[in-house]
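I opened the notebook to go through a few places in this model one by one. The entries follow in the order in which I looked things up.

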Amino acid sequence: MKIFARSTLALGISLALVSTAQASEFADMDPVTLRLAHVVNEQDGFHIAAVKFQELVAERTEGAVSVDIYPNASLGDERTLLEGMQIGTVDMGVITNGPVANFVEEMAVFELPFLFPSPEAAYEVLDGPIGQELLDKLAEVNLKGLAYAERGFRNLTNSERPVRSPEDLNGLRIRVMENPVYTDTFRELGANAIPMAWTEALTAMQQGTIDGQENPVNVIHSFKLQETQDHMTLSRHTYAPAIFVMGMPAWNQLPEAAQEVLVQAAQEAAEHERRVNAEMEAGQLDELRAAGMQIIDDADLEAFQAAVRPVYEKYGDQFGDYLPRILEALE
């Protein structure tokens, strides 16, 4: 018992010393406020992740670094935000992977249709060496990747008819992210794929200039898409990460201790968002059904997978060795 007591006391003293050292690291730091932006609303997983990040950073830097959150595309669409980070007019954001891939092409490897069989499989790759390598590549375009949050598995909605097979998509005008992998995926499925920023897509659905879109359940629910979209197909055709990303101008102004806090806080906030998304999805589907949306959960996914094989043939080589490495990691 005495040995246990001594070791416990020693542990307590060492933790106190670590805490004191960390506090002193930030005591002399000039306070910094980071502007974190995203394009969705306060009910969305991105905002949940951002708020968790805000709390962790304030706590662990003793208030030396604070985070102001700008939701609802108040500072621009995702491409505009990334460009702002590069030049220092925006500090950071939670950004869907698709637009990030316009800056580092290899990022789009994660967007290949039906690549990940489960969320857990995606997390293993994203949080491992492959995911870290790709985060590090963002430095080549004056961005700093911190961690992978998630948009989640994407599903198809439309206002015209139930979709159970690729043939049902023929001619439907489907909004996709401004990313060639998404565009070609839906063209191979027979849709008229229309790349469009999310803020524009909401208006286009209300006006009927597009028939549908594809997004995870949490987005469909939080933006009340049942008001314009009568049908949802649980296609889970793509797992979309999102990225906690900073501009290098903001990153480089921070001392190393603060940088370490930001990386760890982003990872923990991302894992928090993943858990919340998983816990909320069943209830969100129930609410969408109750609101009148028809949800198709028996689509012919093998036919969808067969239809998109040309996407792998077209893009596989563009991602260097990342695709074979991911496939090997998934085996």
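I began with E62, which is exposed because its relative accessible area is 55% (buried means under 20% relative accessible area, exposed over 50%, partly exposed in between, with a 1.4 Å probe and protein chains only). This is a predicted model, in which local features need pLDDT of at least 70 and side-chain atom pairs count only at pLDDT 80 or more, while totals for chains, interfaces and linings use all residues. Residues are numbered from 1 along each chain as its sequence is written, and side-chain values use heavy atoms, with hydrogens and water left out.

I placed E62 in the loop between α2 (45–60) and β2 (65–70); helices (H or I, at least four residues) and strands (E, at least two) are DSSP runs, numbered from the N terminus. E62 is not a glycine, yet its phi is positive, about 55°. Most residues other than glycine have a negative phi. I noted A73 as well, with a positive phi of about 55° and again not a glycine. A73 sits in the loop between β2 and α3 and is buried, at a relative accessible area of 16%.

**D91.** I then looked up D91, in the loop between α3 (78–87) and β3 (92–96). A polar atom of the D91 side chain lies 2.8 Å from the backbone nitrogen of R35. Leaving out residues up to four places away in sequence, D91 touches T33, L34, R35, M85, V245, M246, G247 and A250 (contact means heavy atoms within 4.5 Å).

**Helices.** In α5 (residues 119–126) I found A121, A122, Y123, V125 and L126 buried. These buried residues pack against α6, β4 (143–158), β8 (231–247), α11 (256–290) and α14.

How do the axes of α6 and α14 cross? The axes of α6 (residues 129–137) and α14 (residues 322–330) cross at roughly 150° and come within 11 Å. Axes are lines fitted to C-alpha atoms, for helices over the stretch in contact, and angles run from 0 to 180 degrees between N-to-C directions. From α6, I130, E133, L134 and K137 meet Y322, R325 and I326 of α14.

**Aromatic pairs.** My search of the whole structure gave seven aromatic pairs. Rings of Phe, Tyr and Trp (its six-membered ring) pair if their centres lie within 6.5 Å; planes under 30 degrees apart count as stacked, over 60 as edge-to-face and the rest as tilted. F116 and Y239 have ring centres 6.1 Å apart and planes at 90°, so this pair is edge-to-face. F116 is in the loop between α4 (97–100) and α5, and Y239 is in strand β8, 123 residues apart. F116 is buried at 5% relative accessible area, and Y239 is buried at 2%. Y123 and Y239 also form an edge-to-face pair, at 6.3 Å centre to centre and 75° between the planes. Here helix α5 is linked with strand β8, the two residues being 116 apart. Ring pairs join F110, F116, Y123, Y148, F153 and Y239 into a cluster.

Technical notes:
A polar contact is a pair of N or O atoms within 3.5 Å; within protein, one must be able to donate a hydrogen and the other to accept it, and residues adjacent in sequence count only if both atoms are side-chain atoms.
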